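This report treats selected elements of one structure, moving from a helix to a sheet. Please consult the sequence and the model while reading.

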Amino acid sequence: MQDTGMTKRIFIATFISFIFFMAYDYFFIQPQTTQQTNQIKTEKSVTKETKQLPKETKKSTKITNIATVKSENFEINIDSLGRISQYTLEKNIFNDSKGKKLHILSNKIPKVLEIRFKNENLNKEAFSTPVSVDKSDVTLDGKPKTITITQKLKELTIQKILTFYPDGHYDVKIKLSKDEPYFLAIGKVSAEVNMYAFHGALLVNPDGSLEMIADGDGEVKTYKNIKIAASVDQYYTTFLYNLKNGMTIYETIDNEKNPTLYVEGNKDLNLHGYIGPKYVKLLDSINPELTKVVEYGMMTFIAKPMFVVLYKFYEFTHNWGLAIILFVVLVRIILFPLTYKGMASMYKMKILAPKMKELKEKYGKDPKKFQMKTMELYKKEKVNPLGGCLPMLLQIPIFFSIYRVLVNAVELKGASFLWIHDLSQMDPYFILPILMGITMFAHQMITPNNFTDPMQEKIFKFLPLIFTFFMATFAAGLVLYWTTNNVLSFIQQYIINKSMEAKGLIIKQTPKDTKK
C-alpha cells in the first residue's frame, strides 16, 4: 500500500482520540455493568414505600434542625426526623459560584439515614413524630464523637447511634424495640453538574466489580451482598458500606428515572458511611476498598495507576500544576523510543513510495500477488508498515485516561498554578488555551506532511484554531496537560527531524524547492 503521509496519520489519530472520549462521555457514560445482577421482584408494599415518597399528614410537625456536628472541614445538620439533612463544606475552595459555603446533599427527599417502614401506618407515624437527641451541638476536635437519636412511636422505639469521625466517615447503629422491616436511605449528592462526568448511583459487588446506574437510567431493582452503595457526582459522594457482610440494596426511581438507593434493615443494623469529597488518599486511609467510588469509566485500569503517579509528583512538588507537567514529561520519555522507531518506519515508507507504485502498476490486477510482493519488499527493506501508527494509537488510551483523571480529580479544587487560582476551573484569562493553540500550530509546522487532498490540508491547518476554541472552557489542569504535551511533542519532532536528516531519510528543502 502507498503511504499517504505521517501528518495525515497524526491528524486522524488525534482527531479520533478526541472524538472517542467526547462521544464516550456524552453517549456512553452509562452503567458499566461488570457483573450481571438478578432483578428480584419485590412485594408491592416495598415498591410503593420506596418508589413513592411518603406524604406528610396534618399531624406532621415542622421539620427543623435539632443537632449539629462541626469540624474544621465540614458541618453536618441532623433534622427533627433523625436524618442527616445537609453536609456543608467549610473550606473556601469549595464555595459555590456566589461565594457561599457549598451544600453537597440534595434538598429533595429521601435524606441520608431516612427510614422508610414497610408498614404504611407505621411509616406515616414515623414521619409525623419528632425525634430526640442526647447532644445538640458536637465539635470534632480530632476525636470521634457519638450522638444518640431516639424516636418513640406508639408501639415501637427506634434508636440511631451515630459516631462521627473528623475525616468525614461515620458509624451507624440502628436498634428497634421489635422487629419491623424497613429501608434506610443513602441520600443523594447534587453539588456538581458536569456533562463530562458521571452522575448517579454506584454499587460495589461482592467480587469488587462495579455496578453503575446513571441518572435517567434507573430501574426498580434489588441487589444482594453489596459492599458499597453510593450516590456520586463529579467530585462528591454519600455512601453506606459493609465490606464484611454486604448489604441488600433496593434501587428505586423518581419521575426522571434517577436512581435512589436504600439498604434493607432489620431489628439491629450496623453499617458505616461517608459523606464528602472523593479524595482518593482520604478514602484510602479509611479503607482502600472505598477508593472504588472514584471511578474513571472504561479506562479505570489505566487511569488509577496514572493518578497514583500524578499524586507522587504532587507530594514531591507540592503543586498540582508542576505535578501535571512532570507527568507529561514522564509519558513522553516512556513513549519516545517507540515514537522514534515509528517515525523512522514512516519515513522509510515514504521513500518506498516509488517502488510501491511500480508494484501496483505491475501486479495491480492480481491482489494476492501484489500483497505477496509488497510483503517481500517490506521484509527486504526492514520496514514495518504499522510501525508509524502504533505510537499514535498508544497515545489515545493515555490521553483519554489522563483526561478522565483530571476531570474527576477533586484534588485540583483550589489548586493554583502561576496566574491560575483553580486548576479544576477554566483559565479565566484564556492564556492556556491560546498557548495550546500556538504550540499545536508550531508542532504542525515542523511535522513533514504529504497531503494530496487540498481540503484535508486546509482542515489540518485550521485544527489548532478549532482546538483552541474547543478547549477554552475546559478545566485548566487538562489544558495545561495538553499544552505541555504539545511543547514536548515539538521538541521531540525537532530531534527526530534532525536524526532523520542525518540518516538521509529526510532531504532538507531549500527555499527554491519550497517555491516549487
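## The residue after helix α8

Lys382 follows helix α8 and has a positive phi, near 60°.

## Helix α8

The helix that precedes Lys382 is α8, which comprises residues 367-381, 15 residues in number. From its first C-alpha to its last, α8 reaches 21 Å, close to the 21 Å expected at 1.5 Å a residue.

Which residues of α8 are buried? They are Phe370, Thr374, Leu377 and Tyr378. Viewed down the axis of α8, the buried residues fall within an arc of 100°, and therefore they line one face of the helix. An α-helix has 3.6 residues a turn, so residues three or four places apart point the same way.

Elsewhere in the predicted model, five strands form an open sheet in the order β5-β11-β18-β17-β14, and their pairing is antiparallel. Strands β5 (115-117) and β14 (221-226) are the edges of the sheet, each pairing on one side only. On average, neighbouring strands of this sheet are turned by 30° against each other, direction ignored.

## The pair β14 and β17

How many bridges join β14 and β17? The antiparallel pairing of β14 with β17 (residues 247-253) extends over four bridges. The bridge partner of Lys221 in β17 is Glu251.

Key
Residues are numbered from 1 along each chain as its sequence is written. This is a predicted model: local features need pLDDT of at least 70, side-chain atom pairs count only at pLDDT 80 or more; totals for chains, interfaces and linings use all residues. Side-chain values use heavy atoms; hydrogens and water are left out. Two strands pair if DSSP finds at least two bridges between them. Helices (H or I, at least four residues) and strands (E, at least two) are DSSP runs, numbered from the N terminus. Axes are lines fitted to C-alpha atoms, for helices over the stretch in contact, and angles run from 0 to 180 degrees between N-to-C directions. The expected span of a helix is 1.5 Å times one less than its number of residues. Buried means under 20% relative accessible area, exposed over 50%, partly exposed in between (1.4 Å probe, protein chains only). The arc is that of the directions from the helix axis to the C-beta atoms.
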